[in-house]
Amino acid sequence: MLKFILIANPENRRVGFLQQALTHFNLPPATVIDYADLISGKQSLAQFNAPNTIIRFDSPEKNFDIDKAIIAAGFNVSDNGQHQRISPGEAMELEFDKGRILYPRQWYLGWRYLLQKWESQLTPLQGEFMNHPQDIAVMFDKPACHERFSRNNIPVPRSLGKIHNYEYLREQMQTQGIERVFVKLSHGSAASGVVAYRVNSRFESAITTVERVRENGETLLYNSRKISHYTRREEIADIINILTAEGVQVEEWLPKAHLKGCGFDVRVVVINGEAQHIVVRLGKSPMTNLHLGNERGDTEEFLAKVGVENWEMMKRTCEQAAALFPDSLYCGVDLLILPDWKTHAILEINAFGDLLPGILWNEMDTYTSEVKAVLGRDEGDKGDKGDKGDKVEKGRGIICR
């Protein structure tokens, strides 16, 4: 009997989805290891390093105490960046300020350090990972992912290279003949610190999830579900200078195909090398993340519009992108389709991009399909239900005007 070990924040709803999936196959519930205990050293993964053990890391999201501990862990990690630093003591004394963007580069350095530490506790590995710590660390690094995709001929938007500040961004856009770019925090998630920036000889504009707040002579940046639109050079420069100091991925802003009058992209979950669950995300702004007030598009309408041949080609691209992380069973791939409905590009790959409640493939949600894949690898595909195919639950449709 396989034993599942889940590293997570116990209060996160993701935990329940995995436990339900295990119950579906009459497996015992996963042993949940609290990130807080693992970071503090109260727990070690070494005790779980045994044959027939499946280890899964889930997102450390939505827990400010964990965020503080990760930031603290990043303080002593050497780095050549110009990002802000805060001591471990100061990090642990931070007060919750909803939406505030706090030390994203130091957070990533801490996260990467901890993943490496936890991997070392499992070396040599006797069980197996559902998602490998090294893969997770790279998937949290947008420039590294873009470089890996480019090197392996995966279609991606053109990168502008390393951007140091606002003035250098303007210079590179002019040199490379690009009027529209996306500026993304190198280690952001859920559209944190994303700016859709346009500039030409007549105007400049930044559409962004970032809310700029001036307080006591200092600029504070907050993530907001309300999209902001800045047109003043001073404000735009201020935002971009703060983001670039923390590290950014800047790439060409490609046009999207439209459904219901909305630009859209597609989240594709690849499990065990196969593109399975999908969500069409209709954008009311350049950012399509569903938590920003965007809606799921109608999957059947999308598949009919894109056509079988084009969709098979796009799925192969997503599978090829996932295959560059061969030690991870699953990932979420963000796919952009251009207005010709054939040309496409990979925008991002997400280590924890499998949280798609209500989306089914072969009558299974993502977590159930992942457990089934583990059983198929290790126990001859026990509990097989249904034939392979593209059975995806129909999403809700809206009309954007």
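1. Helices and strands are here DSSP runs, a helix having at least four residues and a strand at least two, and they are numbered from the N terminus. The model under discussion is a predicted one, and with that in mind we can look at Asn52, which sits in the loop between helix 2 (35–40) and strand 3 (53–57). Asn52 has a positive phi of about 65°, although it is not a glycine.

2. As background, most residues other than glycine have a negative phi, and most peptide bonds are trans.

3. On the subject of peptide bonds, the one that joins Thr123 and Pro124 is cis, with an omega of about -5°. Pro124 belongs to the loop between helix 5 and strand 4 (128–129).

4. The axes of helix 3 and helix 5 come within 6 Å and cross at roughly 85°, which makes helix 3 roughly perpendicular to helix 5. Helix 3 contributes Asp67, Ile70, Ile71 and Ala73 to the contact, while helix 5 contributes Gln106, Trp107, Gly110, Trp111, Tyr113 and Leu114.

5. Phe302, Leu303 and Val306 of helix 10 make the contact with Val308, Asn310, Trp311 and Met314 of helix 11. Here the residues divide into six nonpolar, one polar and no charged.

6. The structure holds 17 aromatic pairs. In one of them, the ring centres of Phe64 and Phe96 are 5.5 Å apart and the ring planes stand at 75°, so the pair is edge-to-face. Because Phe64 lies in helix 3 (residues 64–73) and Phe96 in the loop between helix 4 (88–92) and helix 5 (104–120), the pair ties together parts that are 32 residues apart in sequence.

7. Finally, the second largest pocket has a volume of about 390 Å³. Its lining consists of 23 residues, of which Lys162, Thr244, Glu246, Gly247 and Val248 lie nearest the centre of the pocket. Helix 7 (142–151), helix 9 (233–246) and strand 9 (248–252) each supply at least two residues of this lining, whose residues divide into five nonpolar, 13 polar and five charged.

How values were computed
Residues are numbered from 1 along each chain as its sequence is written. This is a predicted model: local features need pLDDT of at least 70, side-chain atom pairs count only at pLDDT 80 or more; totals for chains, interfaces and linings use all residues. Side-chain values use heavy atoms; hydrogens and water are left out. On a 1 Å grid over the protein atoms alone, a cavity is a set of points where a 1.4 Å probe fits but cannot get out, and a pocket is an open set with protein on both sides within 12 Å along at least five of seven lines; lining residues have an atom within 4 Å of a point. Grid points are joined across faces, edges and corners, and a volume is the space filled by probe spheres set on the points. Ala, Val, Leu, Ile, Met, Phe, Trp, Tyr, Cys and Pro count as nonpolar, Asp, Glu, Lys and Arg as charged, and the others, Gly among them, as polar. Contact means heavy atoms within 4.5 Å. Rings of Phe, Tyr and Trp (its six-membered ring) pair if their centres lie within 6.5 Å; planes under 30 degrees apart count as stacked, over 60 as edge-to-face and the rest as tilted. Axes are lines fitted to C-alpha atoms, for helices over the stretch in contact, and angles run from 0 to 180 degrees between N-to-C directions. Angles under 35 degrees count as roughly parallel, over 145 as roughly antiparallel, 65 to 115 as roughly perpendicular and the rest as oblique.
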